[in-house]
Amino acid sequence: MPEYNYSDAEESSQYIKQFIKSNPQTAIISGSGLGDIADMIQDSITIDTTKIPNWPKHSAPGHEGKIISGTIEGRNVIMLQGRFHYYEGHSMKAVIFPVRVIAMLGVKEIILTNASGAINDSYHAGEIIAVKDHINLMGTNPLIGPNESKWNERFPDMTNAYDKKMLNVLSSLGLKQGVYAAFSGPSFETPSEVRMAGILGADLAGMSTVPEVIAANAMGIRITVLSCATNMAAGIQPEKRLTVQEVLDGSKRASEKLSGIIMSLIKYLNQE
């Protein structure tokens with residue numbers, strides 16, 4: 001199994017640098033079915049991730065496996081269309097490898113999007129929630145193993161992993177804030193697991209994002225997470241069967257609204 005160590009990430013970043021015009025300031029990582037956000041990137045250059053040395057292989061539905069570089073509102077951005085999941089059989093080192101690579105390109109903030117199931121019954125399907133904190137129920141942590149001091153300290157603090165200033169911007173746009181619980185998947189959560197997560201304080205359930213947040217926070221990168229509640233989590237509507245297609249369809253419907261929110265965040269970052 002590949003190690004996805006510092007030298008691997010350095011080789012990948014050097015390959016990407018051949019194609020991008022300037023170092024990106026902001027990265028966007030899109031979740032299931034949310035790749036249409038790429039349409040708002042101007043002067044775009046697309047990189048096929050299958051050509052990038054050491055890059056893991058995509059297999060999850062709705063994840064295209066492309067990197068798009070360009071500008072939004074004049075800001076240099078890089079977008080990853082798709083991510084890697086622990087449930088695909090990847091190691092945690094592989095799951096966070098793209099975050100390591102884009103950080104080495106000079107990224108200062110990452111906007112992550114994902115699809116989730118709503119635990120909080122005040123949410124509705126298709127609503128976009130600003131994640132303010134998370135609960136890691138994946139049973140592991142991406143920083144386990146030998147520490148690379150060039151990347152992060154051994155015991156990074158997670159108190160302010162989700163950027164407070166950008167959360168305030170999202171609140172001003174009318175978005176609700178919630179706590180995201182990450183399960184390993186690939187099976188959807190059981191009704192009892194959803195109830196447990198709710199008791200623990202979670203508003204959303206999903207199978208991604210938390211490993212990237214931990215890695216990015218450890219590297220000193222500002223983080224914003226926008227979660228599209230594509231459906232109600234298991235047991236919230238007991239008669240309803242959950243399907244991957246429902247998740248992808250819900251994401252597709254939310255893409256336009258999500259693009260507008262990201263545009264507002266980019267405008268804010270340009271004004272800082």
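The model is predicted. Its chain holds 272 residues, 57% of which count as buried. Seven helices and nine strands make up the list of secondary structure elements in the chain.

**Chain as a whole**
- Among contacts in the chain with a separation of 6 or more, 83% come from residues 24 or more positions apart.

**Second largest pocket**
- The space in the second largest pocket comes to about 240 Å³.
- Its lining consists of 14 residues.
- Nearest the centre of this pocket lie Tyr-4, Lys-93, Pro-146, Glu-148 and Trp-151.
- By residue class, the lining of the second largest pocket has seven nonpolar, three polar and four charged members.

**Val-194**
- Val-194 belongs to helix α5, which covers residues 191–200.
- Val-194 counts as buried because its relative accessibility is 3%, and the cut-off for buried is under 20%.
- Ile-119 is 75 residues away from Val-194 in sequence.
- In space, the C-alpha atoms of Val-194 and Ile-119 are 6.7 Å apart.

Methods. Residues numbered from 1 in each chain as written. Predicted model: local features only at pLDDT ≥ 70, side-chain atom pairs only at ≥ 80, totals over all residues. Heavy atoms only, no water. Helix = DSSP H or I, 4+ residues; strand = E, 2+ residues; numbered from the N terminus. Buried < 20%, exposed > 50% of the residue type's maximum accessible area, 1.4 Å probe, protein only. Contact = heavy atoms within 4.5 Å. 1 Å grid on protein atoms, 1.4 Å probe; cavity = no way out; pocket = protein on both sides within 12 Å on 5 of 7 lines; lining within 4 Å. Points joined across faces, edges and corners; volume = space filled by probe spheres on them. Nonpolar A, V, L, I, M, F, W, Y, C, P; charged D, E, K, R; others polar.
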